[in-house]
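Welcome to this short tour. Keep your viewer open and your selection tool ready, and we will go from one stop to the next.

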Amino acid sequence: MLEQDNIKTPNKKPRLTQFQRGELQGYLNAGITNKSELARKLNVSRGTIYNELARGTTTQVKKINRKHIYTTQYLAETGHTTTKVEEEAS
């Protein structure tokens with residue numbers, strides 16, 4: 001047996017594809033917020049949905065009539081960018 005056969009490869013955490021992130025953003029914009037339903041529609045686990053929402057949710061600030069309006073939403077591009085940064089760091 002070769003030594004390479006004994007080397008364990010690290011298990012990568014499941015991640016959504018960029019297409020799935022776009023679908024997730026679309027479902028959220030359509031008002032579907034149930035994590036179990038989102039997981040079923042994307043064919044992933046609920047944990048993956050929770051992780052992706054934590055990764056891609058951002059707060060934006062708009063200034064209207066000298067008042068700051070804060071909106072929090074999931075953005076697929078933010079989730080994708082954050083994932084790329086995390087993968088490069090490890």
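Please select Leu53: apart from neighbours within four places in sequence, Leu53 is in contact with Leu24, Leu28, Lys35 and Tyr74, where contact means heavy atoms within 4.5 Å. Before you go on, note that this is a predicted model, in which local features need pLDDT of at least 70 and side-chain atom pairs count only at pLDDT 80 or more, while totals for chains, interfaces and linings use all residues. Residues are numbered from 1 along each chain as its sequence is written, and side-chain values use heavy atoms, with hydrogens and water left out.

Now extend your selection to Leu16, Leu24, Ile32, Leu38, Ala39, Leu42, Ile49, Leu53, Tyr74 and Ala76, the 10 residues of the largest nonpolar core. A nonpolar core is a set of buried Ala, Val, Leu, Ile, Met, Phe, Trp, Tyr and Cys residues joined through side-chain atoms within 4.5 Å. Buried means under 20% relative accessible area, exposed over 50%, and partly exposed in between (1.4 Å probe, protein chains only).

Which helices each supply at least two residues of this core? Colour α2 (35-42) and α3 (46-56) to see them. Helix α2 gives the most, with three residues. Helices (H or I, at least four residues) and strands (E, at least two) are DSSP runs, numbered from the N terminus.

**Second stop: Thr48**

Stay in helix α3 and pick Thr48. Is Thr48 buried or exposed? Thr48 counts as buried because its relative accessibility is 8%. Its side chain makes a polar contact with the side chain of Ser45 at 3.1 Å. A polar contact is a pair of N or O atoms within 3.5 Å; within protein, one must be able to donate a hydrogen and the other to accept it, and residues adjacent in sequence count only if both atoms are side-chain atoms. Beyond four places in sequence, show Pro14 and Leu16, which are in contact with Thr48.

Move to strand β2 (residues 67-74), where you will find Ile69. Ile69 is partly exposed, with a relative accessible area of 36%. Setting aside neighbours within four places in sequence, display its contacts: Gln60, Val61, Lys62 and Ile64.

**Last stop: the whole chain**

Zoom out and switch to cartoon. You will see four helices and two strands, following the pattern α-α-α-β-β-α along the sequence. Of the 90 residues in the protein chain, 22% count as buried.
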